Amino acid sequence: MSASIGAANTSVVKDPKLHFKTFNGLNNNNNTCYSSTYSLLLDKRISPFSSSSSSSPASIRAVSTPVKKEASVETKRSKVEIFKEQSNYIRYPLNEELLTDAPNINEAATQLIKFHGSYQQYDRDERGGRSYSFMLRTKNPCGKVSNQLYLAMDDLADQFGIGTLRLTTRQTFQLHGVIKKNLKTVMSTIIKNMGSTLGACGDLNRNVLAPAAPYMRKDYLFAQETADNIAALLTPQSGFYYDMWVDGEQFMTAEPPEVVKARNDNSHGTNFPDSAEPIYGTQFLPRKFKIAVTVPTDNSVDLFTNDIGVVVVTDDNGEPQGFNIYVGGGMGRTHRVETTFPRLAEPLGYVPKEDILYAVKAIVVTQRENGRRDDRRYSRMKYLIDSWGIEKFRSVVEQYYGKKFESPRELPEWEFKSYLGWHEQGDGRLFCGLHVDSGRVKGVAKKTLREIIEKYNLNVRITPNQNIVLCDIRPSWKRPITVALAQSGLLPPTYVDPLNITAMACPALPLCPLAITEAERGIPDLLKRVRSVFEKVGLPYNESIVVRVTGCPNGCARPYMAELGLVGDGPNSYQIWLGGTPAQTSLARTFMNKVKIQDLEKVFEPLFYSWRMKRKSKESFGDFTNRVGFEKLEEIVGKWEGVPKSSSRYYLKLFTDKETYEAVDALARVENKSAHQLAIEVIRNYAASQQNGKSQ
């Protein structure tokens with residue numbers, strides 16, 4: 001069987017007119033050249049690489065550069081590529097597997113259900129067998145969640161999940177613990193409440209990020225509109241999702257005409273003519289694909305970790321004019337395989353605002369045609385760009401785009417924005433950002449959130465930092481909402497440890513099959529230990545660093561952008577990454593491997609003590625580690641003999657009797673803090689309120 005990984009129903013044809021372009025590709029350790037016959041064009045498909053304007057149906061042209069030198073030898077493909085090819089657009093054998101009495105589905109169906117927004121999992125804490133369940137992930141461009149959808153998800157979590165909702169680092173919900181027989185009920189309920197899980201996982205464009213703040217500013221509104229349009233442009237069109245879960249009934253809103261026009265445009269050979277999937281074809285993309293849209297200064301979306309980063313550029317009056325585009329970011333890697341790595345996106349160019357959908361489509365098609373499909377470890381677009389270089393990549397994209405990119409516009413410095421606390425939207429209403437530890441909405445907080453959202457008919461947004469924003473709040477509602485939130489433990493950001501504000505963790509154990517060690521379940525204790533070391537070395541309570549923890553090297557919580565990244569590399573063991581910055585603009589590097597969880601203080605203490613003693617004015621921990629250098633830091637850790645007794649100059653003896661201490665300690669444990677942390681926090685807030693001339 002001859003199969004195309006780009007165009008449907010094409011084969012390799014020996015023709016003297018057929019000219020293949022080759023590239024050295026992504027070399028494995030054995031230096032064998034990767035090449036491909038994925039991208040032959042037949043009949044009506046136009047080649048942007050051909051110098052001839054002829055479009056004769058008899059001519060066959062190669063669109064992509066990677067080609068086998070010997071066309072008679074079949075290109076190696078990963079198993080997933082074969083599953084996709086044989087699936088009838090992501091239907092078979094999933095449609096049959098869902099009807100069996102088994103609690104799980106087979107290997108091919110497990111890969112295909114990802115495109116529908118679900119992963120098969122089992123509880124790894126259990127012994128003596130496997131209890132299978134499914135995680136469902138929604139797709140919410142910009143993190144927007146309607147009142148109707150939030151209430152539906154809250155109900156589904158209780159009725160069919162594990163009683164919790166998880167907010168993800170890509171502004172979506174994850175619903176864990178759904179058993180196979182309930183999948184159709186849960187999926188159809190989400191769809192009928194104007195939600196979707198289509199494309200939340202799988203080899204296609206994932207959820208498109210944008211700032212969660214509901215500001216009524218032209219640039220923010222335009223960024224969110226653009227994110228919505230990109231998400232619509234790259235949504236699968238073949239109907240497999242609705243066939244599977246609502247028997248073919250379509251629940252879709254009308255698309256903007258500019259989206260339909262951009263999708264159907266084939267003037268530069270981007271589409272599969274007469275295909276059910278004009279952009280994706282039968283094979284979709286080589287791997288996952290991630291896009292974020294934002295405005296200048298606002299890096300709440302971790303812009304540089306995406307395959308495509310899009311930044312709104314405005315004129316002096318705040319009117320959007322176009323976009324800077326960045327390409328090639330990505331976090332995933334594999335332990336002990338040095339040819340895999342995290343990478344930051346780099347500038348591609350600038351496009352006027354009316355061209356953004358065509359430019360994004362051209363980039364996606366370049367990856368579709370040229371990304372590796374033989375080894376999924378190297379299938380992300382970052383490896384294609386790393387192999388080709390940005391100049392060659394830009395040149396190929398421009399041929400699909402049909403224009404030259406302009407030089408990127410100069411932008412101001414980036415900063416991380418959490419949007420926690422109360423803010424004015426700009427339309428007379430307010431929004432309130434709430435910190436949610438590791439994005440896990442549960443217990444009393446879950447019940448209270450539902451009551452507030454239902455009572456006031458609020459829409460919400462999920463942030464890329466696993467938090468939630470309540471939108472469209474009337475000023476008269478602020479006080480009762482604040483009281484209700486505080487009573488459930490959802491406190492204003494001034495009452496949350498600064499370490500927790502920027503920390504993130506992936507779910508990891510017990511349900512993630514890839515996890516090597518703990519992340520979400522372990523991060524509360526890890527943050528307390530970091531705070532204790534801060535106190536021990538004399539760092540003040542308002543000092544903070546960006547801490548991110550993942551249970552494996554895939555990087556779902558983006559640990560490679562953290563000032564202190566902990567990446568699981570063995571049971572109860574972490575790889576330590578240092579060098580990210582608070583604004584998420586620098587890539588961290590590996591500092592130490594195989595650090596046992598009980599030995600972390602042996603690394604933390606000398607690092608944090610050195611930072612306190614040798615930092616420049618207002619120098620962040622990440623900037624400090626980069627300036628000093630890893631060689632010197634390793635020497636400091638190796639020679640560490642403990643904190644000098646005079647170091648804890650910020651420590652105050654707050655408790656003169658055991659009874660007071662025990663009472664404060666009991667209250668502190670409710671908030672996962674030490675008695676000293678809570679006492680300092682209360683004193684600090686009281687002092688601040690007195691300085692402001694009012695009582696809190």
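Student: Before we start, how should I treat the numbers and the model?

Tutor: Residues are numbered from 1 along each chain as its sequence is written, and side-chain values use heavy atoms, with hydrogens and water left out. Since the model is predicted, local features need pLDDT of at least 70 and side-chain atom pairs count only at pLDDT 80 or more, while totals for chains, interfaces and linings use all residues.

Student: How many helices and strands does the protein have?

Tutor: Helices (H or I, at least four residues) and strands (E, at least two) are DSSP runs, numbered from the N terminus. The protein has 20 helices and 21 strands.

Student: Why is helix H10 described as largely enclosed by the rest of the structure?

Tutor: A residue is called buried under 20% relative accessible area, exposed over 50% and partly exposed in between, with a 1.4 Å probe and protein chains only. In helix H10 (residues 381-388), 6 of the 8 residues are buried, so the helix is largely enclosed by the rest of the structure. The buried ones are Met-381, Lys-382, Tyr-383, Leu-384, Ile-385 and Trp-388, and just after H10 comes Gly-389, with a positive phi of about 90 degrees.

Student: Which elements do the buried residues of H10 pack against?

Tutor: Contact means heavy atoms within 4.5 Å. The buried residues of H10 pack against strands S9 (308-314), S10 (320-327) and S11 (346-352), and also against helices H9 (356-370) and H11 (390-401).

Student: Is Gln-121 buried or exposed?

Tutor: Gln-121, which is found in strand S3 (residues 118-122), has 6% relative accessibility and therefore counts as buried. Leaving aside residues up to four places away in sequence, Gln-121 touches several residues, among them Ser-131, His-176 and Cys-512. The C-alpha atoms of Gln-121 and Ser-131 are separated by 8.4 Å, although these residues are 10 apart along the chain.

Student: What share of the protein's residues is buried?

Tutor: Of the 696 residues in the protein, 58% are buried.
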